[in-house]
Structure formats: structure tokens, C-alpha cells
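Take a look at the chain shown here. The report below walks through it part by part.

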Amino acid sequence: MQASMDAATIAIVGAGVFGLSTAFHLRRMYLDVKLVLIDRTRGDDTSRGAAASDLNKIIRADYPDPVHMKMALDAQDSWRADPVFKSYYHEFGMLFTEDMGIGRASFDNYQVLGVETWSEILNKEEAVTRFPSGWAEADGAVASFFAATCNAGVTFIKANAEKLVLDSDGNWTGVMISEEGGQTREFLADRTILCVGAYTDKFLANTSPGRSELQVNGRLIAAAAVQCKATYPPEEEEKLSKAPVHFLGMWHTHGETIPPFNSRLKFNCEVSFTNMTQHDGLGENISIPPSAETQSTWSQNVPEGLKEELANVVRNTHGSYVPGIKIESYRMCWDAASPNQDFIIDYHPKCKNLVIASAGSFHSWKFLPNIGEYVVKRVFNTLEEDLVRKWAWNRENTGSACEMYDPSRDMKAIGPFKGWPKTQSPEGLTEPS
Ligand SMILES: Cc1cc2nc3c(=O)[nH]c(=O)nc-3n(C[C@H](O)[C@H](O)[C@H](O)COP(=O)(O)OP(=O)(O)OC[C@H]3O[C@@H](n4cnc5c(N)ncnc54)[C@H](O)[C@@H]3O)c2cc1C
């Protein structure tokens, strides 16, 4: 191990949604800052386990929380117009079929914010014939943003960050990285922004297991949702080309489907789960994404019960309307989720010069163009006071951005799928065919 000579002013660890966007805006807003972006995978690697990487992701502004709605509307402007993003964005609309009140609350927010919207509350008959959000080619857009960020002068280092390097007072001074070939060294910086998503908890535990005040302690948790890619008969292309994103949040189904890209449909099941694992240093269980790479990338290495849950989503979204859909591969996509699905963007109160930007909580991808602006403002103490409080490390976690994404079970407890508890089943309704 050697100490690095090339110390940076700011090091960003993790080049997913938070890290990449922060690096880009930091470079744009503070030209003279010496900046490095560190990740074990490149932003243009399409086989990486980052939650940022995917076939496609949903871009919507429909939020019960006006702050998220406003941020998403701003992000959507970039998705429509910014040359880095616009060719990856497809605005075909989104259909919410749900009985949780998200549609009504979002609709009311559009009125409160005075935003002209095409959104409508439709009854079942109207929904069959009408759809007015959109979706983005995820890997393409991230690769394009990664290229723009490197071209803007951000130095990228492909390395695994092992842990933070702390001084004798327990404050941040650098990060221990191992580069390809296994060489390990300390990378020194004045400040670091930790953007490692689902690995936040493990990373802090690895850094200093003996210091409980440094640990995440329930402020966020690593959780996954399962998704699949599926093929369909070529003759169904025409029908699918007109399809919106379809979110189905009913008692019988908790999932969504995104229109085809590269001749593949994608389905998510929204019922997320943890992977509680004994951390030897801490001597307690924390949720850590599984170590097998195939359990965070596209593969067949997914519990059978999750495969059955996805078959339920496929059946109840397209069903007999699109015959011949065949699931090709699966993926457990790991994210960090906070108790109220608000992000964490804050200085760590017990570790000077360390900023945490995480807790994407299954809904932050759409903010790729603009989330970094907020992180940079927090770093330089120019973030609006209400947002500082909203995204604080220590906070009350009131309200909920997307309650249904809250993890409700552990991976090891997932058995055969026997249907969801029917407590919310409205009288007289049967499962769709
Ligand atoms: C199934 C699923 C579907 C989703 N769909 C949507 C959607 O449709 N729309 C939407 O808006 N949001 C969606 N999201 C949410 C969104 O993808 C995440 O919230 C977002 O990607 C989180 O960003 P991040 O930067 O925190 O983490 P990530 O994107 O996971 O990035 C973290 C980065 O840190 C790196 N890293 C981790 N540990 C280390 C280490 N020790 N050393 C070096 N590098 C490290 C990783 O390689 C990775 O690149 C979805 C999430 C999931 C799981």
C-alpha cells in the first residue's frame, strides 16, 4: 500500500445516478475544483450491477410530494431538450392503474403548482382507449452522461473503494482504493462525497465497525426489487409500439411494464426485499447486496418465488392482449432506501468532510440530469434550508415519497408465490385475465 501523490480537492465515490450527476454539476459550477470520480465499474459498462444500469427506466413527474414533482418536472425539461439526454427519452405516456390514491394526489399537485398537465383521471372504459410521462433508455443515457462528464474534465478512476481513511480524530482524509491488478493505495482528498447506493451501509461498517455513531443505523437500508426482460412475437410489435408505461398497483399485482426497447419488454415487481447478513466487524446483521455478481446483474440466479411474482406481473399487465411473451432473464436491482423514500444528501455529522448522497429509494433515476445540482449546493452550503432538513442524515422521516417501495421482507424468506394478501381486495373484483 502506498499513499497517493495525486490528491484531489473533492473525491466522489460511486458513479451511479448520484455520483455521476454530482460530478457533472460540480465541474460545471466550480471549474477550479480538482475532482475525481471513483467507481469499480465504468459508466458506459452495460453489464454492471449499479441500479443506474438498466434496459430502461420510467421518467415521470407524478408525485404526491410537490418537492419531488417540481424536481421531476425540471429533470423532464432536460430529458426533452438536453442533447446529452434527449435521444434516449421516449414520451409515450404512463397509465397508473391503482387503488392507492397516487393518481389523485399527483393530479391535485399539478393544480397546486399551476402546471399545465395532460394527465387525466380515467375510468376503466376510458383507460382502455387513452393514454397521455415516458421512459428512457437507461444504459444509453448513463453512458452519454458519463462521456459528457469525462469530456468536461472529470478524472475517472476505475477502482474498488475499500473503506474511508480517517485521521486520529475519526474524520475523513481519504479513501482506500484497489485498482485493477489489485494494487491498493490511499487516495487523499479535502472532501469526499459518498455515492455508493446500496453499498453505503456496508462501506461505513467496513470503515470503522467499532464506531456506532458513524454507522447508518436504519437511516437507509439496502433493498432490491426484481425485474425481468422478455421477448414477444414480432407480430405484436405494432400493438406494443403504441403502449404507455403501465403501472399496476392493485391488490392482485404490484408491478409495472415499460414499452419495448431493443425488442425486449421490461417488467418490475415493486415488492422489495432486504438481504440481512451478518457483518463480522459490527457483530450484527445489516442488509448487504449478495456478493455473487449474478445476483445484481441480468442472469437466471434469482429465487424461484421472485420469478413467479414476475410471471404474475406479466400475466396481469399485458395478459392475453399480447400472447407469446417469454421471460428471458432476471435481475435483482439493489438500491438504498430510506424509511420515507426521501434522499439523504448531507454532511455526516460525526465525520468531518464526508458528504453522503444516497437513498435513491427506487425512484431517483429520473433525476439523473439534476440531482447533482442539489448535492453540489449542499456541499457548498447553498441549499435551501427546507431541503437541507428534508434530506438530512438526522431527521424524522415524516411523509412518504413512494410508500409502496418500502422493503417488507427478506430475500431468504421468499418462498413460492401464492398471491398477495387480499386485504385490500375490493368487493366483487376478480384477478384480471
Ligand atoms: C428495480 C428498480 C427499478 C427502478 N426503476 C426506476 C425508474 O423506473 N425510474 C426511476 O426514477 N428510478 C428507478 N429506480 C431507482 C434508481 O435506479 C436508483 O434510485 C438510483 O440508481 C440510485 O442511484 P445511486 O447513485 O444511489 O446508486 P447506483 O446507481 O447503484 O450507483 C452506485 C454506484 O456506486 C458504485 N459502488 C458501490 N460500491 C462501491 C465501492 N466500494 N467502490 C467503488 N464503487 C462502488 C457502484 O458500482 C455504482 O456504480 C429503480 C431501482 C430499482 C432497484
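The sections below go from the whole chain to its domains, the ligand shell and a few strands.

## The whole chain

This is a predicted model. The chain holds ten helices and 19 strands. Its radius of gyration is 21 Å, close to the 22 Å that the globule rule gives for 433 residues, so the chain is as compact as a globular protein of that length.

The C-alpha atoms fill a box of roughly 65 × 45 × 40 Å along the principal axes. How many of the 433 residues count as buried? The share is 46%.

The contact between them takes 25 residues from domain 1 and 27 residues from domain 2. On the domain 1 side, two elements give two or more residues: S4 and helix H6 (200-207). H6 gives the most, with five residues. By class, this side of domain 1 has ten nonpolar, eleven polar and four charged residues.

## Around the ligand

Which residues come nearest to the ligand? Out of 38 residues around the ligand, they are Gly14, Gly16, Gly197, Gly360 and Trp365. The shell has 20 nonpolar, twelve polar and six charged residues.

Both domains take part: each of domain 1 and domain 2 supplies at least three residues of the shell. Several elements each give at least two residues. One of them is a helix, H1 (17-29). The strands among them include S3 (35-39), S4 (56-59) and S8 (155-166). Strands S11 (221-231) and S17 (326-337) also supply at least two residues each.

Strand S19 spans residues 354-358. Is S19 mostly covered or mostly open? S19 is mostly covered: five of its five residues are buried. In a regular strand the side chains alternate between the two faces of the sheet. In S19, Leu354, Ile356 and Ser358 point one way. Val355 and Ala357 point the other way. All of these residues are buried.

S19 pairs with two strands named here. Strand S10 (residues 184-194) pairs with S19 in the parallel sense, over three bridges. Ile193 stands opposite Val355 in that pairing. Strand S18 (residues 344-347) pairs with S19 in the antiparallel sense, over four bridges. There, Ile345 stands opposite Ala357. S18 and S19 also form a hairpin, with six residues between them. Asn353 sits in the turn and has a positive phi of about 75 degrees.

## A three-stranded sheet

Three strands form an open sheet in the order S4-S7-S5. Their pairing is antiparallel. Which strands lie at the edges? They are S4 and strand S5 (89-90), and each pairs on one side only.

Two bridges join S5 to strand S7 (residues 134-137). These two strands run antiparallel. His90 stands opposite Trp135 in S7.

How values were computed:
Residues are numbered from 1 along each chain as its sequence is written. This is a predicted model: local features need pLDDT of at least 70, side-chain atom pairs count only at pLDDT 80 or more; totals for chains, interfaces and linings use all residues. A residue is buried if 20 or more other C-beta atoms lie within 10 Å of its own, exposed if 12 or fewer, and partly exposed in between; C-beta atoms are placed from the backbone. Two strands pair if DSSP finds at least two bridges between them. A residue is near a molecule or strand if its C-beta atom, placed from the backbone, lies within 6 Å of it. Ala, Val, Leu, Ile, Met, Phe, Trp, Tyr, Cys and Pro count as nonpolar, Asp, Glu, Lys and Arg as charged, and the others, Gly among them, as polar. Domain bounds come from an automatic or database domain assignment. The radius of gyration is taken over C-alpha atoms; the globule rule is 2.2 Å times the number of residues to the power 0.38. Two residues are in contact if their C-beta atoms, placed from the backbone, lie within 7 Å.
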